[in-house]
Structure formats: structure tokens, C-alpha cells
Amino acid sequence: MKIGLLGVGHLAEYLVRGARGVDFVLGPRSADKAARLAATYGCAVADSNQAVLDQCEMVLICLPAAEGLAILQGLRFRAGQSVCSAMAGARIDALRAEVAPAAAFCSMMPGFANAFSAGPSLIYPGDAAWEQFLARLGPVHRFSEVEAFETAAVFGAMSGASIFLLRHLVRWYEGQGLNAVTARRLVAETFRGNAEVLLQADAGLDDIAKGVATPGGITEQLVATLEAHGALAAWDTAM
């Protein structure tokens with residue numbers, strides 16, 4: 001599998017790390033990072049974004065959202081190419097207009113977790129070749145309706161925000177005197193364990209929540225305090 005990659009930022013680096021066995025042709029943006037990825041993972045580095053397109057039938061767009069579509073305007077795509085955008089907020093209609101006559105798809109992934117092949121990816125509309133690529137990075141969710149895809153794509157921000165939550169909890173434990181290594185592992189293992197509960201338990205979410213919150217117990221006390229401060233409801237507003 002050979003994929004051209006436009007935009008060599010943090011996301012692109014995570015995807016290159018996770019998608020072993022893919023031959024990436026990198027654009028020249030962030031030349032130092034592109035050179036490092038070439039040296040570490042055997043990627044090729046093209047002289048220009050157009051040179052990437054000229055070499056590849058599949059092209060993954062990881063350009064900054066604020067300027068990505070404008071950059072695409074200056075490039076020549078061709079019939080038979082398949083372009084997948086991982087740019088946050090880039091609507092499918094706008095993408096199709098810029099990459100025509102190539103086929104266009106939208107994706108979303110958490111990023112860092114994909115470097116360990118542990119993060120889910122979304123794709124709209126479905127496409128066998130792109131799903132084969134994304135499956136190297138973790139679970140893949142295909143969407144047939146754009147509204148559902150755009151709602152689900154908020155998970156990209158949710159994933160990043162959860163890192164801040166985990167960091168906050170680790171720092172709380174450290175502030176109480178727990179050593180940094182133990183605090184980090186304790187928080188990470190707790191959340192990983194709870195994720196497995198959601199993936200594997202047959203019980204509904206309300207039953208799971210009821211089962212872990214003993215009346216008068218410490219979970220009930222903690223949740224009540226969070227709710228009294230609007231901490232849980234604030235997630236609705238933010239997302």
C-alpha cells in the first residue's frame with residue numbers, strides 16, 4: 001500500500017508510526033520532521049505537494065484545518081485518485097470541490113493512540129481501500145450519513161480533552177504524595193479497565209453506573225460533588 005501524505009505535523013507522525021507496512025510519500029511541509037520520519041520509517045519525501053499527488057493514487061490530507069482547503073486549491077488532482085481528509089471541520093462537499101475529479105472521503109482519528117494501533121477511526125463515506133489502511137491504526141467505524149459522521153467526529157476533541165483530564169488526575173495524586181510513576185499507571189490502568197467494562201459487559205450503562213455507586217459510598221460522594229459544580233454537564237456544553 002502506497003499513500004501520499006500532505007501535511008507532516010503531529011497527526012501525520014502518529015499515523016506513520018502506527019501504519020507499519022505502508023509506503024508513505026511525504027510532502028515537504030515541516031522539512032525536519034519529514035526527514036526524521038524518512039530516516040526512521042523509510043518514508044519518501046517529495047519535492048512539493050504536487051509531486052506527492054503525481055506519485056500516488058491514494059492521498060491522505062493532514063494539513064492544518066485553517067488553511068488546508070486553500071492549499072488544496074493550488075493542486076491538480078486526477079480521475080482515479082482517492083483523497084481522504086483528516087482535517088478537523090473540513091466538510092465533504094468543500095473537499096470534493098477542491099479535489100475533483102478525484103474521489104473524496106472524510107476521516108477522523110484521535111492521533112496519538114493510533115501510533116500504538118489503539119485508537120478508533122471514522123470514515124465517510126465507506127471505502128474498502130481506506131478502511132484497510134485505517135484498520136492498521138485501530139478499530140474503524142464506517143458512516144453512511146454525513147450528519148452522523150459529523151456528530152461522531154467530535155470524538156477527536158473528546159479524545160484530546162480526556163488527556164487533560166487524565167493529566168489533572170495524575171497531578172492530584174502526585175500532590176497527595178504519590179510518586180509520579182505510580183500515579184500515572186494507576187490513572188491509566190483504571191480508565192483502561194473501565195473502557196473494557198463498556199466494551200465487554202452485557203449490562204446497560206445505567207445498570208453499570210448503579211452497580212459501581214454504592215449508596216453512601218465514595219463513588220456516590222465524588223459524583224455528587226462533580227454534579228454540584230456542573231462538571232459533568234459542562235462536557236455537554238463543550239462538545
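## The chain end: M239

M239 is found in the segment after helix α12 (231-238). Helices here are DSSP runs of H or I with at least four residues, strands are E runs of at least two, and both are numbered from the N terminus. M239 is partly exposed, with a relative accessible area of 48%. The classes are: buried under 20% relative accessible area, exposed over 50%, and partly exposed in between (1.4 Å probe, protein chains only).

Leaving aside neighbours within four places in sequence, M239 is in contact with V154 and M158. Contact means heavy atoms within 4.5 Å. M239 and V154 are 85 residues apart along the chain, but their C-alpha atoms are separated by 6.7 Å.

## Basis of the model

The model is predicted: local features need pLDDT of at least 70, side-chain atom pairs count only at pLDDT 80 or more, and totals for chains, interfaces and linings use all residues. Residues are numbered from 1 along each chain as its sequence is written, and side-chain values use heavy atoms, with hydrogens and water left out.

## The chain as a whole

The protein chain holds twelve helices and eight strands. Its C-alpha atoms fill a box of roughly 65 × 40 × 30 Å, taken along the principal axes. Of its 239 residues, 34% count as buried. Take the contacts between residues at least 6 apart in sequence: 45% of them join residues at least 24 apart.

The chain exposes about 13,600 Å², and carbon and sulfur atoms supply 57% of that area. Accessible areas come from the Shrake-Rupley method with a 1.4 Å probe; for residues, only the protein chains shown count as cover. The chain carries 18 positive and 23 negative charges, and the mean positions of the two sets are 8 Å apart. Lys and Arg count as positive, Asp and Glu as negative; His and the chain ends are not counted. Each charge is placed at NZ of Lys, CZ of Arg, CG of Asp or CD of Glu.

Helix α8 covers residues 155-175. At 1.5 Å a residue, its 21 residues should span 30 Å, and its end C-alpha atoms are 30 Å apart, which agrees. The expected span is 1.5 Å times one less than the number of residues. After α8 comes G177, with a positive phi near 105°.

Helix α9 takes in residues 180-200. Its 21 residues should also span 30 Å, and the end C-alpha atoms are 30 Å apart, in agreement. At the start of α9, a side-chain oxygen of N179 reaches to within 3.1 Å of the backbone nitrogen of V181.

## Side chains that reach backbone oxygens

The next pairs are polar contacts. These are N or O atoms within 3.5 Å; within protein, one must be able to donate a hydrogen and the other to accept it, and residues adjacent in sequence count only if both atoms are side-chain atoms. S107 sits in strand β6 (residues 103-108). S107 is buried, at 3% relative accessible area. A polar atom of its side chain lies 2.6 Å from the backbone oxygen of L122. Beyond four places in sequence, S107 touches C84, S85, A86, L122, I123, L134 and F149.

N114 lies in the loop between β6 and β7 (121-124). N114 counts as buried, at 0% relative accessibility. A polar atom of the N114 side chain is 2.9 Å from the backbone oxygen of G119. Residues that N114 touches beyond four places in sequence include Y14, L15, G18 and L137. T225, in helix α11 (residues 218-228), is partly exposed at 45%. A polar atom of its side chain lies 3.0 Å from the backbone oxygen of Q221.

## Backbone exceptions

Most residues other than glycine have a negative phi, and most peptide bonds are trans. Two cis bonds deserve a look. A cis peptide bond joins A100 and P101, with omega about 10°. P101 lies in the loop between α5 (92-99) and β6. Another cis peptide bond joins Y124 and P125, with omega about -20°. P125 is in the loop between β7 and α6 (128-134).

S30 has a positive phi, near 55°. S30 is in the loop between β2 (23-26) and α2 (31-41), and is partly exposed at 37% relative accessible area. S117 also has a positive phi near 55°. S117 lies in the loop between β6 and β7, and is partly exposed at 37% relative accessible area.
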